Amino acid sequence: MFNHIMVGTNDIERSKRFYDALLGMLGAGEPLRNVAASGHTRLFYRHAGNTFCITEPINGEEATCSNGATIGFKCNSPEQVTQFHDVAVAHGGVSCEAPPGLREGDMGAMYLSYVRDPDGNKLCALHRPK
């Protein structure tokens, strides 16, 4: 359904350090760096057929996060959910909601953790036990 997800940043190098560490632990390599004719920089992280992008806003205005939006990353184990959280916090992210752990609900059991990246974008790590 999705081709890519892109979020804005006010500090491309800070975001690169954050996402290099966070997405690297999920298996993504170095991002492709693209500088558009307009001069703004974008980073494209590719992994398992998916693309996650970070960009300086094209319109030159400040990047803002979306209230109510969450970007979910699939993890391979409950331990990876916790690692996602801990790596994010160690690299400038902020923990939000409940601590990493098992949640039971109408959609079944899920291991979840939530953080905000340095620009305030809300990220979720998710593992569904079998």
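**Entry 1: Arg 14 and Asp 119.** I looked up Arg 14 and found that it forms a salt bridge with Asp 119, with the closest N and O atoms 2.8 Å apart. The pair links distant parts of the chain, 105 residues apart. Arg 14 sits in helix α1 (residues 12-24), and Asp 119 sits in the loop between β7 and β8. For the term, I noted that a salt bridge is a side-chain nitrogen of Lys or Arg within 4 Å of a carboxyl oxygen of Asp or Glu. Side chains of opposite charge can pair when their charged atoms come close.

I also noted what I am working with. This is a predicted model, where local features need pLDDT of at least 70 and side-chain atom pairs count only at pLDDT 80 or more, while totals for chains, interfaces and linings use all residues. Residues are numbered from 1 along each chain as its sequence is written, and side-chain values use heavy atoms, with hydrogens and water left out.

Next I checked accessibility. Arg 14 is partly exposed, at 27% relative accessible area. Asp 119 counts as buried, at 13%. The cut-offs are: buried under 20% relative accessible area, exposed over 50%, partly exposed in between (1.4 Å probe, protein chains only). Helices (H or I, at least four residues) and strands (E, at least two) are DSSP runs, numbered from the N terminus.

**Entry 2: the other salt bridges.** How many salt bridges does a search of the whole structure find? It finds five. One of them joins Asp 20 to Lys 16, with the closest N and O atoms 2.5 Å apart. Both residues lie in helix α1, four residues apart, or about one turn of the helix. Asp 20 is partly exposed at 23% relative accessibility. Lys 16 is buried at 14%.

I then looked up Glu 97. Its salt bridge is with Lys 122, and the closest N and O atoms are 2.3 Å apart. Glu 97 lies in strand β6 (residues 94-103) and Lys 122 in strand β8, so the pair ties together parts that are 25 residues apart in sequence. Lys 122 is buried, with 16%. I also found a network: salt bridges that share partners join Lys 16, Asp 20 and Glu 30.

**Entry 3: around Lys 122.** I listed contacts of Lys 122, leaving aside its neighbours within four places in sequence. Among them are Ala 69, Ile 71, Cys 96, Glu 97 and Tyr 114. Contact here means heavy atoms within 4.5 Å.

**Entry 4: strand β8.** Why is strand β8 (residues 122-127) largely enclosed by the rest of the structure? Five of its six residues are buried, so the rest of the structure largely encloses it.

Which strands pair with β8? Strand β5 (residues 71-74) pairs with β8 in the parallel sense, over four bridges. Strand β7 (residues 110-116) runs antiparallel to β8, and six bridges join them. Two strands pair if DSSP finds at least two bridges between them.

Ile 71 has Leu 123 as its bridge partner in β8. Ser 113 stands opposite Ala 125 in β8. The hairpin of β7 and β8 has five residues between the strands, and Gly 120 there takes a positive phi near 95 degrees.
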